Amino acid sequence: MLNLPSTQAMNTVVPTTLPDVREVVHSDWREALPVLVAEGVTLRELRVSDAPTLLAMLTTEEVARFITPPPTTVAGFEKFIAWTHREQAAGRYVCFGIVPVGRADAVGIIQVRALDKEFDIAEWGFAIGSEFWGTGVFQAAARQVVGFAFDALPVRRLEARAVVKNGRGNGALHKLGASCEAVLRSSFRKDGTNMDQMLWSILRNDWVGLNAKPVVRVH
């Protein structure tokens with residue numbers, strides 16, 4: 001359920017006609033993302049040094065099955081990481097690397113991108129190495145990023161899409177408190193196959209109501 005940009009997009013200068021939200025979001029996240037800390041995991045900006053591990057973790061068959069094709073080389077991931085920094089500086093996008101306790105490199109990513117010029121509606125996606133499935137690392141990390149989206153960004157509605165057959169991804173969204181609003185027929189195509197997706201949403205008011213205590217801890 002992760003939508004990675006195409007190689008062409010990562011190599012292309014973004015045209016000035018695309019939404020510019022820099023004057024809308026009043027925080028310094030465009031210059032540097034905060035480090036978010038949860039039990040067993042830290043989230044931070046991606047580094048070029050993360051590229052080899054991301055290649056190893058996100059290109060396995062079980063991980064890549066339901067996401068847009070990830071880069072296939074270390075150089076490709078290095079270009080992706082540089083692209084995330086440019087989009088963050090432009091105020092359109094953030095991408096956190098998931099770093100479990102005991103590791104220095106990111107084993108997965110969680111991204112949030114604006115769907116409108118105010119960053120009022122956003123879409124998020126994630127992918128993490130399969131060896132960390134079922135460990136609790138993702139749930140802890142995801143809660144921090146959702147909290148960040150509603151606390152540091154002006155996001156009111158956070159959307160996610162997951163292929164219907166992706167039981168693990170849909171289960172994770174349900175566990176986070178997201179609501180399934182629809183099934184989008186033949187909305188995802190991969191390797192010549194059309195797949196249905198489930199559309200999930202989390203609203204800021206609902207999230208705040210379910211999480212009375214602050215979720216985001218910034219170091």
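So, the surface: the protein chain exposes about 10,800 Å², with carbon and sulfur atoms supplying 53% of that. Those areas come from the Shrake-Rupley method with a 1.4 Å probe, and for residues only the protein chains shown count as cover. Bear in mind that this is a predicted model, where local features need pLDDT of at least 70, side-chain atom pairs count only at pLDDT 80 or more, and totals for chains, interfaces and linings use all residues. Residues are numbered from 1 along each chain as its sequence is written, and side-chain values use heavy atoms, leaving out hydrogens and water.

Of the 219 residues in the protein chain, 50% count as buried. Buried means under 20% relative accessible area, exposed means over 50%, and partly exposed is in between, again with a 1.4 Å probe and protein chains only. The protein chain has 7 helices and 8 strands; these are DSSP runs numbered from the N terminus, H or I of at least four residues for helices, E of at least two for strands. As for contacts, meaning heavy atoms within 4.5 Å, take the ones between residues at least 6 apart in sequence: 68% of them join residues at least 24 apart.

Now the inside. The largest nonpolar core has 61 residues, and Phe80, Ile110, Val112, Trp124 and Leu158 touch the most other members. Helix α5, residues 137–151, gives this core its largest share, 10 residues. A nonpolar core here is a set of buried Ala, Val, Leu, Ile, Met, Phe, Trp, Tyr and Cys residues joined through side-chain atoms within 4.5 Å. In soluble globular proteins, nonpolar side chains do tend to be buried together.

Which residues of α4 are buried? They are Gly76, Phe77, Phe80, Ile81, Trp83, Thr84, Glu87 and Gln88. They cover an arc of only 160° around the axis, so they sit on the same side of α4; the arc is taken from the directions from the helix axis to the C-beta atoms. The helix itself, residues 74–89, has 16 residues and runs 23 Å from first C-alpha to last, close to the 22 Å expected at 1.5 Å a residue. That expected span is 1.5 Å times one less than the number of residues. After α4 comes Gly91, with a positive phi near 85°.

Let's stay with Glu87, because it's buried at a relative accessible area of 9%. The side chain of Glu87 meets that of Arg92 in a salt bridge, 3.2 Å from N to O, and Arg92 counts as buried too, at 16%. A salt bridge is a side-chain nitrogen of Lys or Arg within 4 Å of a carboxyl oxygen of Asp or Glu, and by this rule there are 7. Asp50 and Arg44 form another, at 2.9 Å, N to O, and both of those residues are buried. Then there's Glu123 with Arg113, at 2.7 Å, N to O. Glu123 is in strand β5 and Arg113 in strand β4, so this pair ties together parts 10 residues apart in sequence. Glu123 is buried at 9%, while Arg113, at 34%, is partly exposed. Arg157, Glu159 and Glu181 are linked in a salt-bridge network.

Last stop: Phe119, in the loop between β4 (108–114) and β5 (121–128). Is that residue buried or exposed? Buried, with a relative accessible area of 0%. Its C-alpha is 9.9 Å from that of Leu158, 39 residues apart along the chain.
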